[in-house]
Amino acid sequence: MKYLGCRKILLISTILFLINQTLYSQNEDDRWIFGIGFNAVDYFPTNVYGNGNPDGFFNEITNAEDHWNIGGPKISATRYLWKRLSAEGSVSFNSITKFGETIVPKVSYIGIDVNLQYNFMNPFSDFSIFALAGGGYTFAFYSGGTVNFGAGSKYWFGDKFGVSAQGMYKYNSEDYRLSPHFYYSFSLIYRLNGNGRSKKFLWRDGANCF
């Protein structure tokens, strides 16, 4: 167990170090989005054995009071890539006490995820909606890789600050014993070098945006 704990700490430290080094390697004209907020993990609306769900996938997906494990923080960094594509890397922390209908002893949850975001709207407008897909590695009852897909939105109060909401399904084969689950997050976001209102219609030119 001590060895597993050291592995977790080393992995998280390495990812945070790489993100930090990447940030400082960019020139002053680059734009990033940073976020911090809370997250929720829900095992109930899945087909996981033992979660107490008799009606299958998506059942009671909005029942936050009975099934959601709410905690934090989620720390994220998002980088514009090309036209409507962006990439987000994040580290999330939580504590699991609800496995569907079952109350369980508290288990630490750590999720490390990298997702591509495809914006359906102009990514520099005040409000945008995006689909996301990617992968990650989760430590909970067991540890293992996940395949992620979902959707989200961003709303900007001004050039610098806004909020982001996301929901995604994190899938893992039962062969690896890590239970698939739904994951939600709500974050306060900050745009580095943000002056999006003056450039928000330049995304079609690709390189002119960043």
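A residue is called buried under 20% relative accessible area, exposed over 50% and partly exposed in between (1.4 Å probe, protein chains only). The model is predicted, so local features need pLDDT of at least 70, side-chain atom pairs count only at pLDDT 80 or more, and totals for chains, interfaces and linings use all residues. Residues are numbered from 1 along each chain as its sequence is written, and side-chain values use heavy atoms, with hydrogens and water left out.

Aromatic contacts were examined to begin with. Rings of Phe, Tyr and Trp (its six-membered ring) pair if their centres lie within 6.5 Å; planes under 30 degrees apart are stacked, over 60 edge-to-face, and the rest tilted. The structure holds 12 aromatic pairs. One of them joins F99 and F141 edge-to-face, with 5.6 Å between centres and 85° between planes. This pair links distant parts of the chain, 42 residues apart. F99 lies in strand β3 (residues 85-99), while F141 lies in the loop between β5 (127-139) and β6 (143-156). Strands (E, at least two residues) and helices (H or I, at least four) are DSSP runs, numbered from the N terminus. F99 is buried, at 12% relative accessibility. F141 is partly exposed, at 31%. Y118 and F120 also form an edge-to-face pair, because their ring centres are 5.6 Å apart and their planes stand at 85°. Y118 is partly exposed, with a relative accessible area of 39%. Elsewhere, ring pairs link F149, Y169, Y171 and F182 into a cluster.

Charges over rings were examined next. A charge sits over a ring if NZ of Lys or CZ of Arg is within 6 Å of the ring centre and within 35 degrees of the ring normal. The charged end of R191 sits over the ring of W156, at 3.9 Å from its centre. For K170 and the ring of Y183, the distance to the centre is 5.3 Å.

K170 also takes part in a salt bridge. Such a bridge needs a side-chain nitrogen of Lys or Arg within 4 Å of a carboxyl oxygen of Asp or Glu. The structure holds 2 salt bridges. K170 meets D113 at 3.1 Å, N to O. K170 belongs to strand β7 (residues 161-171) and D113 to strand β4 (residues 102-119), 57 residues apart. K170 is buried, at 0% relative accessible area. D113 is buried too, at 1%. K74 bridges to E88, with the closest N and O atoms 3.6 Å apart. K74 lies in strand β2 (residues 69-82) and E88 in strand β3, so the pair ties together parts 14 residues apart in sequence. K74 is buried at 2%, and E88 is buried at 4%.
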